[in-house]
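Here is a model to look at, followed by questions on how its parts get their descriptions.

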Amino acid sequence: MRHGYRCWAEVDLNALRENLAWIRHRVGPGVKILTVVKADAYGHGLKQIAALLMQSGTDVFGVANLAEARAIRGVGRGWPILMLGACLPDERAEAIRDDVMVTISSFEEAGEFSAAAVKLGRAAQLHVKVDTGMGRLGIEPEHAAGLIARIESLPALNLKGLYTHFSSAEDDASFTARQGRRFQEVLRELNLPPDDWEFLHANNSAAVLLEQGTLFNTIRPGLLVYGVLPPGRRRVKSRLKDEVTPALTWKCRVGLVKSITRGTPLSYGHMFKAPRQMRVATITAGYGDGYLRSGSGRVRVLIGGRRCPVVGRITMDQMIADVSRVPTVKPGDEVVLIGSQDGDRITASDLAGWAGTIPWEVLTAITYRVPRVYRGVQAS
């Protein structure tokens, strides 16, 4: 792919489409897919990914805020959108006007949305969230039935969905099961058939893989759509590990190659001094591009098909790799930060492990100054 970028991300739209198709096959045709596209579609580019998903079978979009909802509306109107974050008081009228489904967790929110909707002559579209153990949003399970009764008694409210959020499905089977039981108890107390809910959902990406017992009429995958398995202590069946394909590859270039003598200090703070004579390459990516500085001294990159350690502190626009084992490296050569090169691969989870974080942060940290280059269907 020819271009003049110093640091860029390639997004394989075919991989995304195939990942969504695999998820659809796994859960069956009767289950809606609410695809989470918050944080610029996990760093993949919201508008482009929304356009692809509209053509590839998603049923609903999940966003964090109204700006993301507006971006989706700019791509295609009429798609159901759920705002997963709490709606601020001064956002309520806008959410109602834009027909964005909102998450509510309290009696107060129900009353305030009703008043705002009556004033606008519109109906507010609501999902009630039940807090079974996440601790952020959501009403306590014992009060969920009362909140739903209040919604049904107030004017201009349209209850579209009910959901909960697993806090550690990838790590803790026991706690996840407890959350599932608490949500099922709410459903039994409500005494409504599951088909009465347009959207009834609990399963995130990890639960899609690990929790078939809480597969209701909607699922809420995020990371899995982008081809990354949620890391955790619970084992995913080995055959599933090859069923989805990472859609994002992150690359930069070699800017300069030079030889240094033993004892030469490298980068800020001199945290690294050459233990021997070395060849090092300065490469054109840094924390200004979203490459996490916390990985200093631990991360690896691919150059010439070899894993090369990054030495010294990662800086804003550049970092230094030990290329002593890559004798042919030269300025302009391609460097892979996430992705494959000559048979080796570095994943977002690898980079997250080196940086002491999670792949969600690795992907969403990639900054806007990194161009996204699209290939496959819809590529321009």
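Two strands pair if DSSP finds at least two bridges between them, and strands (E, at least two residues) and helices (H or I, at least four) are DSSP runs, numbered from the N terminus. This is a predicted model, in which local features need pLDDT of at least 70 and side-chain atom pairs count only at pLDDT 80 or more, while totals for chains, interfaces and linings use all residues. Residues are numbered from 1 along each chain as its sequence is written, and side-chain values use heavy atoms, with hydrogens and water left out.

Q: How do you know that β4 pairs with β5?
A: 3 bridges join β4 to strand β5 (residues 101-104), and pairing needs at least two, so the two strands pair; they run parallel, and Leu-82 has Met-101 in β5 as its bridge partner.

Q: What joins β3 to β4?
A: Strand β3 (residues 60-63) and strand β4 (residues 81-86) are joined by 3 bridges and run parallel, with Ile-81 in β4 as the bridge partner of Phe-61.

Q: Why is α3 called oblique to α4?
A: Helix α3 (residues 46-56) and helix α4 (residues 66-75) pack at an angle of about 55°, and this makes α3 oblique to α4, because angles under 35 degrees count as roughly parallel, over 145 as roughly antiparallel, 65 to 115 as roughly perpendicular and the rest as oblique.

Q: Which residues of α3 meet α4?
A: Leu-46, Lys-47, Ala-50, Ala-51 and Met-54 in α3 meet Glu-68, Ala-71, Ile-72 and Val-75 in α4, where contact means heavy atoms within 4.5 Å.

Note on methods. Axes fitted to C-alpha atoms, helices over the stretch in contact; angles between N-to-C directions.
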